[in-house]
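Please read them against the structure shown here.

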Amino acid sequence: MIDFCMEHFKAASAMPPERLARVLAWSPETKVIEYRDQDDIVRAYIIEIKGERTAHHYYDFYDQSLAHLSFGAWLMLDRIEEAKKRGLSHYYLGTLYGEGA
């Protein structure tokens, strides 16, 4: 997972890798969601922090070859739909990093 995330940092992110380490160790409510394609290849990870009735889409890492398909936006929409199914009252999409954010 770390190698996949580091490749994402190189291609698309302004968040320092040290911050990733802090986030992953931050809280017992921190959850990592993995997305795989039909060939069982990892295409994305999402760091989500869950509260009692809310969740925070802290950061996502995804295969940059899918960026032209708006895969990052699809990931957010998928997590919003999942939050609805779980009965959460709010889903915070986090902060964008990088140029043009």
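**Aromatic pairs and salt bridges**

1. The count of aromatic pairs comes to 4. One of them joins tyrosine 59 and phenylalanine 61, a tilted pair with 4.8 Å centre to centre and 50 degrees between the planes. Both tyrosine 59 and phenylalanine 61 are buried. The model is a predicted one.

2. Tyrosine 62 and phenylalanine 71 pair edge-to-face, at 5.8 Å centre to centre and with 75 degrees between the planes. Both residues of this pair, tyrosine 62 and phenylalanine 71, are buried. They belong to one aromatic cluster formed by Tyr35, Tyr62, Phe71 and Trp74.

3. Salt bridges number 6. In one of them, arginine 43 meets aspartate 63 at 2.4 Å, N to O. This pair links distant parts of the chain, 20 residues apart: arginine 43 is in strand E2 (residues 42–50) and aspartate 63 in the loop between E3 and H3.

4. Aspartate 63 is buried, because its relative accessible area of 17% falls under the 20% limit. Its side chain also makes a polar contact with the side chain of serine 65, at 2.7 Å.

5. Glutamate 48 and arginine 86 form a salt bridge at 3.3 Å, N to O. Glutamate 48 lies in strand E2 and arginine 86 in the loop between H3 and strand E4 (90–92), so the pair ties together parts 38 residues apart in sequence. Glutamate 48 is buried at 0% relative accessible area, whereas arginine 86 is partly exposed at 27%.

6. Salt bridges with shared partners join Glu34, Arg36 and Asp40 into one network. Within it, the closest N and O atoms of arginine 36 and glutamate 34 are 2.8 Å apart. Arginine 36 is partly exposed at 40% relative accessibility, and glutamate 34 is partly exposed at 38%.

Key: Residues numbered from 1 in each chain as written. Predicted model: local features only at pLDDT ≥ 70, side-chain atom pairs only at ≥ 80, totals over all residues. Heavy atoms only, no water. Phe/Tyr/Trp six-rings, centres within 6.5 Å; stacked < 30°, edge-to-face > 60°. Buried < 20%, exposed > 50% of the residue type's maximum accessible area, 1.4 Å probe, protein only. Polar contact = N/O pair within 3.5 Å; in protein donor to acceptor, adjacent residues only side chain to side chain. Salt bridge = Lys/Arg side-chain N within 4 Å of Asp/Glu carboxyl O. Helix = DSSP H or I, 4+ residues; strand = E, 2+ residues; numbered from the N terminus.
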